[in-house]
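Thanks for coming. I have one structure to go through today, and I will keep to what can be read from its atoms.

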Amino acid sequence: MTRKHYGITALCIMPAMLAVAMPTIKAEAVEPRMTYIISYSSDLYISDSGEASITGYVRGKSDVTSTYVSATLQRKSGNDWIDVESWEDSSTKNSLSVMETYSVSRGT
């Protein structure tokens with residue numbers, strides 16, 4: 001199969017490994033999320049028959065105890081990007097993948 005670009009994008013990998021709700025956030029209390037991530041990836045493949053395959057992956061360091069992945073398929077409408085479908089998953093392990101398929105039509 002050949003890759004086709006239909007102007008559809010997948011926004012993947014929104015790792016939220018350490019989410020803490022605080023009433024007041026001080027600058028020294030904010031920790032960068034990427035500090036705990038070893039690797040991450042996202043991929044969008046659209047087959048000739050119009051099946052979009054969306055993959056999102058995150059792998060944390062060995063001491064990471066939870067992971068979260070969110071993938072959103074969008075289509076372009078004028079100058080705006082409109083959400084078509086979203087998937088998400090979380091785990092108590094240090095790595096996680098989201099793999100989904102969705103039927104799309106030709107366009108943007």
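I will take the overall layout, then the strand pairings, then a few individual residues.

This is a predicted model, so local features need pLDDT of at least 70 and side-chain atom pairs count only at pLDDT 80 or more, while totals for chains, interfaces and linings use all residues. Residues are numbered from 1 along each chain as its sequence is written, and side-chain values use heavy atoms, with hydrogens and water left out.

Start with the layout. The protein has zero helices and six strands, and along the sequence the pattern reads β-β-β-β-β-β. Helices here are DSSP runs of H or I of at least four residues, strands are runs of E of at least two, and both are numbered from the N terminus.

Of the 108 residues in the protein, 29% are buried. Buried means under 20% relative accessible area, exposed means over 50%, and partly exposed is in between, with a 1.4 Å probe and protein chains only. The protein exposes about 7,300 Å², and carbon and sulfur atoms supply 49% of that. Those areas come from the Shrake-Rupley method with a 1.4 Å probe; for residues, only the protein chains shown count as cover.

Contact means heavy atoms within 4.5 Å. Taking contacts between residues at least 6 apart in sequence, 61% join residues at least 24 apart.

In soluble globular proteins, nonpolar side chains tend to be buried together. The largest nonpolar core here has twelve residues: Ile 37, Ile 46, Ala 52, Ile 54, Val 58, Val 69, Ala 71, Leu 73, Trp 87, Leu 96, Val 98 and Val 104. The elements giving two or more residues to this core are strand 2 (37-46), strand 3 (51-60), strand 4 (67-77) and strand 6 (95-103). A nonpolar core is a set of buried Ala, Val, Leu, Ile, Met, Phe, Trp, Tyr and Cys residues joined through side-chain atoms within 4.5 Å.

Which way do strand 2 and strand 3 run relative to each other? They pair in the antiparallel sense, over nine bridges; for two strands to pair, DSSP must find at least two bridges between them. Ile 46 has Ala 52 in strand 3 as its bridge partner, and Tyr 45 stands opposite Ser 53 in strand 3. Strand 3 is also joined to strand 6, antiparallel, by nine bridges. There, the bridge partner of Gly 56 is Val 98 in strand 6.

Strand 2 and strand 3 form a hairpin with four residues between them, and Gly 50 in the turn has a positive phi of about 90°. Is Gly 50 buried or exposed? Gly 50 is buried, because its relative accessible area is 9%. Leaving aside neighbours within four places in sequence, Gly 50 is in contact with Tyr 102, Ser 103 and Val 104. Gly 50 and Ser 103 are 53 residues apart in sequence, but 5.8 Å apart in space, C-alpha to C-alpha.

On to strand 4 and strand 5 (residues 80-91), which run antiparallel and are joined by eleven bridges. Arg 75 has Ile 82 in strand 5 as its bridge partner. Their hairpin has two residues between the strands, and Gly 78 takes a positive phi near 65°.

Gln 74 is in strand 4 and counts as buried, at 10% relative accessibility. The Gln 74 side chain makes a polar contact with the side chain of Asp 83, at 2.9 Å. A polar contact is a pair of N or O atoms within 3.5 Å; within protein, one must be able to donate a hydrogen and the other to accept it, and residues adjacent in sequence count only if both atoms are side-chain atoms.

How many aromatic pairs does a search of the whole structure find? It finds one. The ring centres of Trp 87 and Tyr 102 are 6.4 Å apart and the planes are at 70°, so the pair is edge-to-face. Rings of Phe, Tyr and Trp (its six-membered ring) pair if their centres lie within 6.5 Å; planes under 30 degrees apart count as stacked, over 60 as edge-to-face and the rest as tilted. Trp 87 is buried at 13% relative accessibility, while Tyr 102 is partly exposed at 28%.
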